[in-house]
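Thanks for making the time this morning. I would like to walk through one model with you, slowly, and then take whatever comes up in discussion.

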Amino acid sequence: MRTDDFWAVIDRATADRPASPAEVAERAVADLATRDPEEIVAWGRHLDKVMAASGTEDLWAAAYLINGGVDEAGFDAFRGWLIAHGRKAVAAAVQKPDVLANVVVIKEAADTGAVFAAEEVLDIAARAYEQATGGPLPAGERPRTRPEVADLWDFDNEDEMHRRLPRLSALFLEPPD
């Protein structure tokens with residue numbers, strides 16, 4: 001599956017600004033479930049590629065700041081939320097995670113404590129395949145989608161957070177005025 005074809009499913013699912021990433025996932029499942037099962041499998045494999053490409057240490061650190069700490073599953077769910085916002089959002093956040101400080105709902109989260117996660121986006125292919133065929137998505141070789149926890153820099157090191165993610169650190173680590 002081509003990258004453009006993968007993102008076209010998300011683009012259609014985000015048309016008319018759905019209320020939530022869960023709604024994006026529902027729309028994407030409905031779209032994919034009408035397709036050939038091999039195409040659904042290919043879409044799921046491409047999702048694995050997007051997860052691998054977005055599995056950067058600094059994006060994990062950004063998710064850690066924004067969501068008040070995240071483990072592996074939490075980082076995956078954060079990237080599911082990001083994917084539900086489309087190709088440009090993912091590309092910008094992977095290239096420079098500190099740009100997330102510009103997102104209005106993330107700015108508000110500094111005061112509200114909102115958490116950004118969408119596990120349902122990660123299950124789109126499996127749910128679509130099951131709807132289309134009645135069976136489970138075939139297992140396949142999956143790429144590594146995030147660094148090993150033991151290899152991460154210390155996300156609780158505020159000096160390092162300020163150095164790597166200055167704008168997000170200002171939002172989430174600085175005491176309120």
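Predicted model: local features only at pLDDT ≥ 70, side-chain atom pairs only at ≥ 80, totals over all residues.

Let me begin with the largest nonpolar core, which has 51 residues, and within which Trp-43, Ile-83, Leu-100, Ile-124 and Leu-168 touch the most other members. The helix that gives the most to this core is α4, residues 57–66, with seven residues. If we take Leu-100 and leave aside its neighbours within four places in sequence, its contacts include Leu-59, Ala-62 and Ile-66, together with Phe-78, Leu-82, Ala-93, Ile-106 and Leu-168. As a general point, nonpolar side chains in soluble globular proteins tend to be buried together.

Staying with α4, this helix is mostly covered, since seven of its 10 residues are buried, and these are Leu-59, Trp-60, Ala-61, Ala-62, Ala-63, Leu-65 and Ile-66. Which elements are among those that cover them? They include α5, α6 (87–95), α7 (104–112), α10 (158–164) and α11 (166–172). After α4 comes Gly-68, with a positive phi near 70 degrees.

The loop between α4 and α5 also holds Asn-67. Is this asparagine buried or exposed? With a relative accessible area of 11%, Asn-67 counts as buried, because the cut-off for that term is under 20%. Not counting residues up to four places away in sequence, Asn-67 touches Phe-78, Ala-114, Val-115 and Phe-116.

Now to α9, residues 124–133, where Ile-124, Ala-125, Ala-128 and Tyr-129 are buried. These four cover an arc of only 120 degrees around the axis, and therefore lie on the same side of α9. The buried residues of α9 pack against α1 (3–13), α2 (21–33), α3 and α8 (119–122). Just after α9, Gly-134 has a positive phi of about 85 degrees.

Finally, the largest pocket, whose volume is about 330 Å³. The elements that give two or more residues to its lining are α3 (37–53) and α9, and the largest share, five residues, comes from α3. The lining has 18 residues, of which Gly-44, Leu-47, Asp-48, Leu-122 and Arg-142 lie nearest the centre of the pocket. By class, the lining has nine nonpolar, three polar and six charged residues.

Technical notes
Residues numbered from 1 in each chain as written. Heavy atoms only, no water. Core = buried A, V, L, I, M, F, W, Y, C linked by side-chain atoms within 4.5 Å. Buried < 20%, exposed > 50% of the residue type's maximum accessible area, 1.4 Å probe, protein only. Contact = heavy atoms within 4.5 Å. 1 Å grid on protein atoms, 1.4 Å probe; cavity = no way out; pocket = protein on both sides within 12 Å on 5 of 7 lines; lining within 4 Å. Points joined across faces, edges and corners; volume = space filled by probe spheres on them. Nonpolar A, V, L, I, M, F, W, Y, C, P; charged D, E, K, R; others polar. Arc of directions from axis to C-beta.
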